[in-house]
Every structure is written in C-alpha cells, then in structure tokens.
Amino acid sequence: MTQQTFFKRRSASKNNIVTGADRRGFQGSEEALVDVELAEETCPRFERPAVMIETLRFVSAREGSEPAEAMTAKSHALYEYLMASARLQLQRQDAHEFRVPFADAKSYLGIERTDRLREYVDAINDTRVSYDFRTEGYQRSGTMPLLMCDYIRQDDGQQFIAYSMHRAVREVILSARRYGWLELNAFRKFRSKYTARLYPRLALIAGQSVRKPLSMMPEKLAGELGWAPKRFHWGNFQSRVLDPILIDINGGEKIAPSVARFRVEMKLVRGTGRGGPVTDIVFDVIPNEGLTRQTPAAKLDDVHAAAARLHIEGLDVSHTPAMVLVAQAVTSTGKTVFQIRNEWEETVLALLTEEHRNHHLRKLLDERGVGEAFSVWVDRYGMSVPAAEIPEPVEAAKEVVLVEVLPRAQRHKEHAIDQSTRAMKQANNIRPGNGGLPDTAHEYADGIVATYADSEMWSMLDGADGLPEADAAVIQKAFGVLSRQGAGQMRKSIYNLARSISAWDLPRAVRVSKAILANNRPA
C-alpha cells in the first residue's frame, strides 16, 4: 500500500469550497493501517462527516434489530477500520467496492482466528442504522445496513473482506464540509461497544474551537447508544454503560486511556423529586494539551536523523523508541537527539533492576511498550525519574539474564489465571497485592467489575493449555451473558466463575458456565 500525499482541490469556478472530495480524509501514513506498531507511534486519525456523527443511530430491538447483541466492541472496531480504509480510496471514480486483506484486519483487531473475524463481519452485516442527512439542498432519512460485506478468495489463497457502503453515505462523505477526526487506535482498545458509539460525538466536540458540553437526558442518551432494556433503570445504565465508557476513555486502575487527544468528565444534573432523579447527563471534553505524540516532529539533519534511527546500544531493541517519537521529543523539550537517547538509556537501565519492577514506568514499558513508556517519561516525568524511585543505574542492571520463553498454550493459561484472580478479587472488593504486598480492601465500582462480563475479555482461553476449544467457547459465552444480570448477581457470578479458572479447575468452570447460560437465556 503506497502513501498518498497529494489530492485534487476544487477550482475557483466552484467558489473554492473544500468538501470531502477535496480532502485526503486521513492524517498519518497509510502504512499505519497495516502496521499496528507504527499506528501506536503516530496515532493516525480519519475523518467522519459531522452529519453522520450527529444523526447515526443504531436501530434498537424495539424497532426490529438487536445491535446490542450483534455489535460488540470488536465488531465495531472492525467497522471503523473498514471505513478508515475506504476513506483513502473514495476519491476514485470507481471506488464503490473496497477490499481489506484478512491478515490486515486480524492484525488491527489483535486476533488470530479467521472464524472470529467472520463473526465480526456477520455482526456488521446484521446491523441496521438510521441516518437523517440534512445538508444544503439535500435531505435523506431512513434505515440502512451499516455496511454490506462478503468475501473474496484469490487463486493464490489470499482472502479479503469485500465491502461497500450505502450510496447516501458515500455522497455525504464526499460532500461534507464539517467533520470530526477519529483516532484509529482508539476503537481497537475500547472494551465497551457503547464507548465506540459515543466517542465520535465527543471527538467532534474536541475538534471545535468553542467546545460546548454534550448534555442529554438519560433515556434519550440510552436510546441513541442502543441500550434498550424492557424497562429503563438508572443504576443499571450507569454501571453497564456510563462507567465503562469513562474507563475506556480516561483509563482506570491498571487500564490505560484508549483516547490520546482528550479526556472526558461526566456531571449529573439531579431533579428535585424523590431520591433526586438524574434529569441530565453532561459530558465535558477536555483536550490533553502538550502531549509528545501530538507535537510536530522536529526536522532533523542527516547526522541526527541517522542517530535517531539507531538501536540504543545496551538496550533491547524493543526498548529503543522510534525515530518519530525522538523527533517529537526534540520539539517538545528542546534537547538534542543525543541527550534524549542517553537519558532514556540511563532511565531504562535503572527501571530494569529488580528493585524497581513495580515502578509506574516499568509497568508501562512491560505492559504497553516503549512508545507509551517513552511518551509518559517525557510528558509526566520531565525526562527524569524521582531519585526516591529510581537511583542511578548500577552495573548489575547490565547483566544478561536468560529467560525461558513459555509455549503459547502455557502463556495463555497463565494469562487466564492471572486475569481471573484479579477479576475474582475485584468482584469481592479486594485490591490485589503486587510485588509481594498483601491484598487490601478497596471499593470497586460496578462499572469496573462489569468489564469482565464480556466474552472478548477472555479471548486468551482459546488455545490455553489443557482447555478444549469447545469448553473455552462455553466459558467465554458465559462471561458474555453476565452483562444481563443485575450488579449484585453479576459480581457473584464473576467471582464464582473466575475462582474456578484461577484454580484452573476446568471441569468446575464448565459446570458453572453451563449453569449461568441456562439461567440467563434470552427472554
């Protein structure tokens, strides 16, 4: 895939009005669509017409569809990936059908199994949405498919998702004069499908020079997000929809923010009736100012550019930041490439000592990668670490330690045991101890516990050592249906099921899962 740099603009005969047809519609290298690491480093964005953001609604179960069941966070992420890919091709006159290789889509979503990818495509095909397009001299409304997808298999064995969008959507994208920018990385990190539906509206506000808060009545917001229970209950809506949205966007305990360019604060307006019912929900969008990843990269001369590309001697290759990040740090700090690299090397060598394995930056380096850790190091630590946390590097930090790499099945098993142990404790309001520290009491919000009531959170069960594929599917499905339960029962169910997995008592885990599925069948 080659990068497109130039695009045609309208002539003076059309009053120099720039529309979607004149814009590239994608900020960043096209290579970021097929290179997840590059996407993490560069945070690419693609545009979405404001009229689509403001009027797109998922057709609710009451209206003949069930998007709450079909469109998971992963399937929504796939939809946005397909739309971002299509946006780059829309200017061609023959751009009515688009293709994305299976391999690229699976890489973006972080999955390996093709049958999972097909499930997400089926969910997109089964979902209908409504628009109300009102532009100058044009109005169109009604319901339509989200996308129309099928598959292509070439003689060489390569497989593609082939897809097309409704003609009205294509016309609105090409004629749009007002639009918002959406982060491609954000959608694949969201844990809640409701975040994926609200995020574009917040992103549209974030891009405006005058940012007015988004204010909506609870039931109206629930309807627009596709939350359609038989009877609206504020407590359930807050714990299952609103709290996970805030955690997705802003981050939480051991959960990094999914959105780079802004954070959001939610305020509740209460009425004067009995119990102070919530009458309005207000979202304030607050841009993250001065982040390294949003800073223009400095133009480096040949010597500094060559130095920025080099692997830092003494560090693992995976601990060397990308050249673009170093160049952005040059802009934001005023330091030279050589100063930045030397200071980063000293910091990493210190972080890798056993004494500091629980340091925040060490955790970011291990769990989120060098891009996240380096950016936080520049933005929050001023390119240094408090002496009380990180002493000067010592020679022991340079010793070579051979680590046995566990087989994939064993890694999946250990990941499942670790996550289920945390889920079990958090459901019981216990903060897991780290680094030999004891567990402590802690009040976890229902929304945090509810993040475990999602089958996709337990994808590591696929291929885990000693767990048959059919049993893994049963357990994952059981976790998925727990979101239908009330907060109290959901906590108990998560505790019981996670406890079985934590002990790797697979027969009991399957029995508990089957009981959960039997007791939570759709009405």
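Guide: Begin with burial: a residue is buried under 20% relative accessible area, exposed over 50%, and partly exposed in between. Keep in mind that this is a predicted model.

Visitor: Which class does F232 fall into at 23% relative accessibility?

Guide: F232 is partly exposed, because its relative accessibility is 23%. F237, in contrast, has a relative accessible area of 0% and is buried.

Visitor: How are the rings of F232 and F237 placed?

Guide: For ring planes, under 30 degrees apart counts as stacked, over 60 as edge-to-face, and the rest as tilted. The planes of F232 and F237 are at 55°, so this pair is tilted, with ring centres 5.4 Å apart. The rings of F374 and W377 are also a tilted pair, because their planes are at 45°; their centres lie 5.5 Å apart.

Visitor: How many aromatic pairs does the structure hold?

Guide: There are 18. Ring pairs can also join up: F46, F187, F190, Y199 and F262 are linked this way into a cluster.

Visitor: Now the cavities. How many are there of 30 Å³ or more?

Guide: The count is two. The largest cavity holds about 180 Å³ of space. It has 18 lining residues, and I53, L56, F58, R197 and P200 are the closest to its centre.

Visitor: Which element supplies the largest share of that lining?

Guide: Helix α9 does, with five residues. Elements that each supply at least two residues include α2 (50-55), α4 (73-87) and α10 (218-225). By class, the lining of the largest cavity has 11 nonpolar residues, one polar and six charged.

Visitor: What lines the second largest cavity?

Guide: That cavity has about 50 Å³ of space. Its lining includes F46, E47, R48 and P49, along with M83 and M165. Strand β2 gives the most, four residues. The lining divides into seven nonpolar and three charged residues, with no polar ones.

Visitor: Last, a single side chain. What does R201 touch?

Guide: R201 is found in helix α9, residues 193-206. Leaving out residues up to four places away in sequence, R201 touches I53, R57, L214, M216 and E224. With E224 there is a polar contact between the two side chains, at 2.6 Å.

How values were computed
Residues numbered from 1 in each chain as written. Predicted model: local features only at pLDDT ≥ 70, side-chain atom pairs only at ≥ 80, totals over all residues. Heavy atoms only, no water. Polar contact = N/O pair within 3.5 Å; in protein donor to acceptor, adjacent residues only side chain to side chain. Contact = heavy atoms within 4.5 Å. 1 Å grid on protein atoms, 1.4 Å probe; cavity = no way out; pocket = protein on both sides within 12 Å on 5 of 7 lines; lining within 4 Å. Points joined across faces, edges and corners; volume = space filled by probe spheres on them. Nonpolar A, V, L, I, M, F, W, Y, C, P; charged D, E, K, R; others polar. Phe/Tyr/Trp six-rings, centres within 6.5 Å; stacked < 30°, edge-to-face > 60°. Buried < 20%, exposed > 50% of the residue type's maximum accessible area, 1.4 Å probe, protein only.
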